Amino acid sequence: MVCNDYQQTTSASGLIRSLDWDMLSTRRKIARVNVLHKAIGGHLALPVSDYLRPASRFTRRSNNNTYIPYHSRTNSFKNSFVPRTIVDWNSLPPDLQPIEEVTQFKKSSSEFLRKLDINNNIRD
């Protein structure tokens, strides 16, 4: 609808690249991380603190804003909101996680996750 190109020979992937849209998986990841940030900051009435377990040991990659990921035997739980988002949250750099301002966090985390997904897609 955006490109008005309805030919059968038109590539959907080509149209998406020409529009410079993020992949759907990237948009979903950005949305999940932003919802978690709002919930942690008290901007949403989601009881995520009941499900988040702060990391007790810190490494180069973790800090006091990282959480222990869940281990699951089933894909339905592994791919549900909290377990999946904890993995995405922990992938954020330590300087992004403590940002309290919602719009600043959204901008910074979106830029980071876009670059991360672009780099991952180049390697694949």
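Student: What is the accessible surface of the chain, and what share belongs to carbon and sulfur atoms?
Tutor: This is a predicted model. Its chain has an accessible surface of about 9100 Å². Carbon and sulfur atoms hold 54% of that.

Student: Why is Asn90 called buried?
Tutor: Buried means under 20% relative accessible area. Asn90 has 17% relative accessibility, so Asn90 counts as buried.

Student: Where does Asn90 lie, and what does its side chain meet?
Tutor: Asn90 lies in helix 4, residues 81-90. A polar atom of the Asn90 side chain is 2.6 Å from the backbone oxygen of Tyr67.

Student: What makes that pair a polar contact?
Tutor: The cut-off is 3.5 Å between N or O atoms. The Tyr67–Asn90 distance is 2.6 Å, so the pair is within the limit.

Student: Which side chain reaches a backbone nitrogen at the start of helix 1?
Tutor: Ser11. A side-chain oxygen of Ser11 comes within 3.0 Å of the backbone nitrogen of Gly14. Helix 1 covers residues 12-19. Just after helix 1, Asp20 has a positive phi of about 60 degrees.

Student: How many helices and strands does the chain have?
Tutor: Five helices and zero strands. The pattern along the sequence is α-α-α-α-α.

Student: What share of the chain is buried?
Tutor: Buried residues make up 28% of the 124 residues.

Student: How many side chains are positive and how many negative?
Tutor: There are 18 positive and 11 negative side chains. The centres of the two sets lie 7 Å apart.

Notes
Residues are numbered from 1 along each chain as its sequence is written. This is a predicted model: local features need pLDDT of at least 70, side-chain atom pairs count only at pLDDT 80 or more; totals for chains, interfaces and linings use all residues. Side-chain values use heavy atoms; hydrogens and water are left out. Helices (H or I, at least four residues) and strands (E, at least two) are DSSP runs, numbered from the N terminus. Buried means under 20% relative accessible area, exposed over 50%, partly exposed in between (1.4 Å probe, protein chains only). Accessible areas come from the Shrake-Rupley method with a 1.4 Å probe; for residues, only the protein chains shown count as cover. Lys and Arg count as positive and Asp and Glu as negative; His and the chain ends are not counted. The place of a charge is taken as NZ of Lys, CZ of Arg, CG of Asp or CD of Glu. A polar contact is a pair of N or O atoms within 3.5 Å; within protein, one must be able to donate a hydrogen and the other to accept it, and residues adjacent in sequence count only if both atoms are side-chain atoms.
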